[in-house]
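Hello,

Here is the structure we talked about. Please open it first, then read my notes below.

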Amino acid sequence: MSVQAYDPLADERTPEGPQFDVFLAGTVFLDIIFTGLPAMPEAGTEIWAEGMGSCPGGIANLAIATSRLGLRTSLAAAFGDDDYGDFCWRTLEQQESVDLSRSRRFEHWHSPVTVSMAVDRDRSMVTHGHPAPMTASELIGKPPRSKAVIVTLSAEEPLGAPGSACNWAELAHHDGALIFADVGWDPSGDWSSTLLDQLSVCHAFLPNATEAMAYTRTDTPRDALYAIADKVPLAVVTDGANGAMAIDSLTGEEAFVPAPRVTALDPTGAGDVFGAGFVLGTLCRWPLSDRLAFAEVCAALAVQQFGGSLAAPGWGDIADWWHEVREAAGHSGAYGSSLARRYAFLDRLVPTVPVGAVRRAVATIARYADVGTGHRTTPADGEDPDTPRVPAQKE
């Protein structure tokens with residue numbers, strides 16, 4: 001049985017439309033994730049992990065998240081000519097259906113690597129890598145037509161800088177793409193508010209509460225949201241287990257949606273998964289509260305699994321979750337009934353999801369991996385890469 005793709009934008013596609021729904025650029029890391037550690041190792045000691053996963057990370061987290069939700073995704077990134085680069089390229093292109101036509105392999109440049117160690121629902125990471133041989137704008141040139149691009153605001157390649165050449169995201173914007181922006185942690189502690197000047201060319205901004213308050217010099221996520229809404233048409237602030245809030249000045253909507261209650265095991269990549277779900281809802285022109293709710297459940301499903309892109313849900317996972325929620329609604333108390341009401345919009349989507357729709361995949365350098373309750377395997381050399389995807393598990 002082959003994996004069946006679900007296309008949430010199928011009714012809107014035309015031969016003259018953009019080639020891709022989402023175009024991305026950034027750094028792909030090889031992520032090696034150790035799970036089930038009793039504690040962090042002390043100097044001079046060795047400990048054993050209960051499980052390990054390997055997968056493309058960095059910008060690949062976002063590319064995989066959007067692709068698993070049925071968005072046609074293209075990624076521009078530098079890849080090394082080593083075995084790590086081979087693995088990341090193959091996983092993205094063959095297993096996750098991410099277009100890599102704007103990506104490039106570089107000789108004698110080794111792939112960046114991150115080792116993540118999960119202990120007691122928290123994680124520590126060690127990363128090694130070197131700057132890419134080319135900037136994103138040099139690598140991409142003229143970007144392909146797309147409905148949306150997702151960028152991280154930075155001082156190195158700023159958006160809308162007066163007197164400077166347009167970077168790749170601005171070129172895409174001039175060709176009709178909506179710019180969805182995020183921002184990273186500022187290790188300097190400056191949190192320069194001038195970074196937000198770049199929002200003048202953006203459609204949406206999706207920081208987390210800590211980042212939003214730091215950059216806007218406000219004391220609450222709500223105050224930060226209002227400050228951001230003065231700068232960009234679609235303002236979103238995520239607040240972890242507390243939920244997310246947003247203002248869409250183009251539609252006149254304002255919404256707050258609490259996050260579903262889950263046991264979070266690993267937050268790695270949850271923000272990327274939220275962003276992927278919110279971009280999909282925006283491109284589908286859903287009401288703002290539905291967009292937030294959908295993004296929240298995507299993130300909630302992801303944090304219940306270990307390992308970045310391994311954990312990003314597909315439509316099969318979302319359909320499974322909704323069936324469970326709906327079946328439990330009559331006998332799970334006020335919370336269960338509230339959850340069923342909040343996600344009732346999934347009733348018009350889930351019946352059209354194929355029975356064999358994409359689910360989480362296992363990505364591992366190992367030739368075989370035991371997953372679930374049986375002994376399903378990831379595609380080995382010579383196997384069909386379109387075998388059904390299964391929930392990510394530790395090896």
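Which residues are linked in a network of salt bridges? They are Asp-7, Arg-13, Asp-21 and Arg-72. Keep in mind that this is a predicted model.

First, the overall picture. The protein chain has 10 helices and 14 strands. Of its 395 residues, 52% count as buried. The chain exposes about 18,000 Å², and carbon and sulfur atoms supply 52% of that area.

Next, the salt bridges. Side chains of opposite charge can pair when their charged atoms come close. The structure holds 12 salt bridges.

- Glu-12 and Arg-285 meet at 3.2 Å, N to O. This pair links distant parts of the chain, 273 residues apart. Glu-12 sits in the segment before strand E1, and Arg-285 in the loop between helices H7 and H8. Glu-12 is partly exposed at 31% relative accessibility, while Arg-285 is exposed at 62%.
- Asp-86 and Arg-105 meet at 2.6 Å, N to O. Asp-86 lies in helix H2 and Arg-105 in strand E6, so the pair ties together parts 19 residues apart in sequence.
- Glu-253 and Arg-291 have their closest N and O atoms 3.5 Å apart. Glu-253 is in strand E14 and Arg-291 in helix H8, 38 residues apart. Glu-253 is partly exposed at 24%, but Arg-291 is buried at 3%.

Last, the cysteines. Cys-88 is buried, at 2% relative accessibility. Cys-284 is buried too, at 13%.

Best wishes

Key: Residues are numbered from 1 along each chain as its sequence is written. This is a predicted model: local features need pLDDT of at least 70, side-chain atom pairs count only at pLDDT 80 or more; totals for chains, interfaces and linings use all residues. Side-chain values use heavy atoms; hydrogens and water are left out. Buried means under 20% relative accessible area, exposed over 50%, partly exposed in between (1.4 Å probe, protein chains only). Helices (H or I, at least four residues) and strands (E, at least two) are DSSP runs, numbered from the N terminus. Accessible areas come from the Shrake-Rupley method with a 1.4 Å probe; for residues, only the protein chains shown count as cover. A salt bridge is a side-chain nitrogen of Lys or Arg within 4 Å of a carboxyl oxygen of Asp or Glu.
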